[in-house]
Amino acid sequence: MIEARHLRVLRAVAATGSFSAAGRELGCTQPAVSQQMKALETSVGTPLLVRSGREMRLTQAGEALVRHAAGILAGLTAAEEEVAAIAGLRAGRVRLVSFPSGSSTLVPTALAALRAAHPGTRVSLEEAEPPRSVEMLREGDCDLSLAFRYEGATGAPEGEWDDLVVRPLLNDRLVALVPERHRLARTRAVAIEDLAAESWIAGCPRCRGQLVEVCEGAGFTPRIDFATDDYPAVVGLVGAGLGVAVLPQLAVESVRPRGARMVTLEPAVRREIVGLTLPDLAQVPAVAATLDQLARAATR
């Protein structure tokens, strides 16, 4: 019989590479980790780890068990949370992962409303851009992912979210950001080809790829002089007159664009912002309530 606590220990050992590091992560001693791993290997009847000097690697059986562990533990978490909520023991907990501009705009409003409605619900927040945030969800490292994808983007895997519960939240339009003394700063709208000769400041890797794709669709390749994952840094570089940028409107709203001016981009380019979770976790009351509050925040 495989026990969930043994699976959690195995995942920690696989992730950290040692019993001592796994113990630190799990809050227990190295001997306790060693004992639980021995118990798991006895249960399955085959070695799961190969020790070579200071290094440790998974056997083929260990790799198979780690691969299945995330789904097993997610299912168990869903069962524990739903039963606890029904029994009235606790309101639940939610591990939320969000991209930065979502963290500074949608998430605060949603979590404030969630706390007011369900004071016992605990939510932790970690930041990651997709696709990493989606990987974290599938690996069992979070319960809910706030993610995005660009409309009509090429190169995205077909059916990339088919195994997940997808809650559409909003369509976030991209806007051009130019220095306030730029020749187009007072223009109501610009086409992206109007900026073909400019120096460009690019954002996160996924946004950077979308920028290049849109520009090449308009007949030019952007000259990217600066690239940063930090949206306030993008706005600051534009405000200092060092180039132009195209950012999601949500990202611009999350900072004060000093020295920069926002201009509508035509034709419109949008990204779809969604909440993602696993089918089992979608039934957990705390996760469902958090998704509901994110949806309400997106309409404000």
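Confidence first: in the chain, helix 4 (residues 60-87) scores lowest, with a mean of 80, and strand 12 (residues 270-277) scores highest, at 95. The score is pLDDT, the predictor's confidence in each residue, from 0 to 100. The chain average is 88, and 94% of the residues score at least 70.

So, the ground rules. This is a predicted model, where local features need pLDDT of at least 70, side-chain atom pairs count only at pLDDT 80 or more, and totals for chains, interfaces and linings use all residues. Residues are numbered from 1 along each chain as its sequence is written, and side-chain values use heavy atoms, with hydrogens and water left out. Helices (H or I, at least four residues) and strands (E, at least two) are DSSP runs, numbered from the N terminus.

Take helix 1 (residues 4-16) and helix 3. Their axes come within 9 Å and cross at roughly 115 degrees. Axes here are lines fitted to C-alpha atoms, for helices over the stretch in contact, and angles run from 0 to 180 degrees between N-to-C directions. Helix 1 and helix 3 are therefore roughly perpendicular. On the cut-offs: under 35 degrees is roughly parallel, over 145 roughly antiparallel, 65 to 115 roughly perpendicular, and the rest oblique. The crossing of helix 1 and helix 3 is left-handed. Left-handed means that the near helix is turned anticlockwise from the far one by less than a right angle; clockwise is right-handed.

Which residues make the contact? From helix 1, Arg5, His6, Val9, Leu10 and Val13; from helix 3, Val33, Gln36, Met37, Ala39 and Leu40. Contact means heavy atoms within 4.5 Å. By class, this contact of helix 1 with helix 3 has seven nonpolar residues, two polar and one charged. Ala, Val, Leu, Ile, Met, Phe, Trp, Tyr, Cys and Pro count as nonpolar, Asp, Glu, Lys and Arg as charged, and the others, Gly among them, as polar.

Helix 3 (residues 30-44) also packs with helix 2 (residues 19-26): axes within 8 Å, crossing at roughly 105 degrees. That makes helix 2 roughly perpendicular to helix 3. Helix 2 brings Phe19, Ser20, Ala22 and Gly23, and helix 3 brings Gln30, Val33, Ser34 and Met37.

The angle is about 125 degrees, and the axes are 8 Å apart. Helix 5 and helix 10 are therefore oblique. Their crossing is right-handed. Helix 5 contributes Leu106, Val107, Thr109, Ala110, Leu111, Ala113 and Leu114; helix 10 contributes Ala289, Thr290, Gln293, Leu294, Ala297 and Ala298. Helix 5 with helix 10 counts ten nonpolar, three polar and no charged residues.

The structure holds 15 salt bridges, each a side-chain nitrogen of Lys or Arg within 4 Å of a carboxyl oxygen of Asp or Glu. One of them pairs Asp292 with Arg167, closest N and O atoms 3.1 Å apart. Asp292 sits in helix 10 and Arg167 in strand 6 (residues 165-179), so this pair ties together parts that are 125 residues apart in sequence.

Beyond residues up to four places away in sequence, Ala282 touches Val165, Thr277 and Ala288. Ala282 and Ala78 are 204 residues apart in sequence, yet 8.3 Å apart in space, C-alpha to C-alpha.

Last, the peptide bonds. Most are trans. Where are the cis bonds to look at? One joins Pro130 and Pro131, with omega about 10 degrees. Pro131 is in the loop between strand 4 (122-127) and helix 6 (132-138). Another runs from Glu266 to Pro267, omega near -5 degrees. Pro267 is in the loop between strand 11 (260-266) and strand 12.
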